[in-house]
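Biologist: I have a model open and would like to learn how to read it. Could we go through it feature by feature?

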Amino acid sequence: FCSLSMNSLKIMGILNVTPDSFSDGGYWLNQKDAITHGEEMIEFGANIIDVGGESTKPNSEKVEIKEEIKRIIPVISNLSKKGYLVSADTRNSLVMQHAIDNGAQIINDVSGMNDPLTPSIIRENNVSIIIMHMQGNPSNMQNNPKYQFAPIDIFKFLENRIEFALAEGIKLENIAIDPGFGFGKTPRHNMQIISWLSLFQCLGVPLMLGASRKSSIGALSRGEKPKNRIGGSLVLAHFGKLFGAQLLRVHDVKETCQAMRINESVISEI
């Protein structure tokens with residue numbers, strides 16, 4: 001996937017250049033600080049830096065496309081020119097094209113290719129895409145989400161999206177999937193996704209898990225705020241690796257990489 005071997009776990013570091021993301025909103029609005037943070041995550045072990053300019057937390061509203069472009073393009077351009085593998089976290093086709101033109105090689109699309117122009121942009125630029133499942137949209141996704149059985153319903157959605165992408169001419173090796181932990185799911189739905197994560201290997205493309213600091217951790221623990229959910233995030237990362245995820249999208253790159261090294265050391269002795 002995007003020149004990365006999938007026979008070992010890869011880490012995607014989160015870099016939100018937004019004022020309102022649920023965990024790090026406002027931290028990296030300054031371009032210089034954002035670039036420095038991206039470089040630090042690479043130094044700590046990240047394989048990909050995922051740059052986002054629009055919060056998609058529950059009840060968030062869409063950002064103007066011009067504003068999203070203004071936020072992310074200088075950061076993507078700078079990190080890409082330094083030789084780092086950069087992803088653009090966006091659901092807008094115009095933003096995707098600007099990001100690709102400035103060096104992004106991966107599009108991380110939380111909408112699951114809802115924008116009708118997305119497939120042609122991915123195909124014509126021969127870049128990679130991560131297709132995520134979300135029930136509804138950020139403004140309403142947590143309004144009583146329901147499933148017959150979340151893992152199976154999400155599996156069927158992603159299977160359909162892969163078939164659609166292939167029919168649109170996107171290469172199989174350019175596709176990865178994300179079951180969308182926290183996007184239109186209750187804490188129980190999220191735990192079902194984790195426990196059934198290996199099912200998604202049947203789709204034949206790399207699997208990404210993005211559970212870092214999500215609200216379900218606090219809901220199932222003691223109501224901790226995002227910055228204090230590292231322990232829960234590491235447990236979910238452990239299960240992600242154990243159940244076959246090839247990609248982990250995380251805020252805490254240094255801690256996650258350390259945890260995964262210990263994970264690998266234990267597994268190697270089994």
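Modeller: What follows takes the sheet, its strands, the helices and the cores in turn. Keep in mind that this is a predicted model.

Biologist: In what order do the strands of the open sheet lie?

Modeller: Strands of a sheet pair through backbone hydrogen bonds, in either a parallel or an antiparallel sense. Here eight strands form an open sheet in the order β6-β5-β4-β3-β2-β1-β8-β7, and the pairing is parallel. At the edges are β6 and β7 (208-209), each of which pairs on one side only.

Biologist: How many bridges join β1 to β8, and how many join β1 to β2?

Modeller: Strand β1 (residues 10-16) is linked to β8 (residues 247-250) by four bridges, in the parallel sense. To find them on screen, start with I11, whose bridge partner in β8 is L248, then go to M12, which stands opposite R249. With β2 (residues 48-52), β1 has five bridges, again parallel; there N16 has G52 as its bridge partner.

Biologist: Which residues of β1 lie on one side, and which on the other?

Modeller: In a regular strand, side chains alternate between the two faces of the sheet. In β1, one side carries K10, M12, I14 and N16, the other carries I11, G13 and L15, and both faces are covered. Seven of the seven residues are buried, so β1 is largely enclosed by the rest of the structure.

Biologist: At what angle do α5 and α6 cross?

Modeller: Their axes cross at roughly 70° and come within 8 Å. Angles from 65 to 115 degrees count as roughly perpendicular, so α5 and α6 fall in that class. A150, P151 and I154 of α5 make the contact with H189, Q192 and I193 of α6.

Biologist: What covers the buried residues of α4?

Modeller: In α4 (residues 118-125), the buried residues are T118, P119, S120, I121 and I122. Their cover includes α3 (93-101), β4 (106-109), β5 (128-132) and α5 (150-167). Just after α4, look at N126, which has a positive phi of about 50°.

Biologist: Which residues of the largest nonpolar core touch the most other members?

Modeller: L15, V51 and F200 do, in a core of 61 residues. Select F200 and leave aside its neighbours within four places in sequence: its contacts are then P151, I154, F155, L158, I177, P179 and L207. There is also a second, separate core of 11 residues, with F1, I48, I130 and M208 among them.

Biologist: Is R213 buried or exposed?

Modeller: Look for R213 in the loop between β7 and α7 (215-220). Buried means under 20% relative accessible area; R213 has 5% relative accessibility and therefore counts as buried.

Biologist: How many residues separate R213 and Q148 along the chain?

Modeller: They are 65 residues apart along the chain, and 26 Å separates their C-alpha atoms.

Notes:
Residues are numbered from 1 along each chain as its sequence is written. This is a predicted model: local features need pLDDT of at least 70, side-chain atom pairs count only at pLDDT 80 or more; totals for chains, interfaces and linings use all residues. Side-chain values use heavy atoms; hydrogens and water are left out. A nonpolar core is a set of buried Ala, Val, Leu, Ile, Met, Phe, Trp, Tyr and Cys residues joined through side-chain atoms within 4.5 Å. Buried means under 20% relative accessible area, exposed over 50%, partly exposed in between (1.4 Å probe, protein chains only). Contact means heavy atoms within 4.5 Å. Helices (H or I, at least four residues) and strands (E, at least two) are DSSP runs, numbered from the N terminus. Two strands pair if DSSP finds at least two bridges between them. Axes are lines fitted to C-alpha atoms, for helices over the stretch in contact, and angles run from 0 to 180 degrees between N-to-C directions. Angles under 35 degrees count as roughly parallel, over 145 as roughly antiparallel, 65 to 115 as roughly perpendicular and the rest as oblique.
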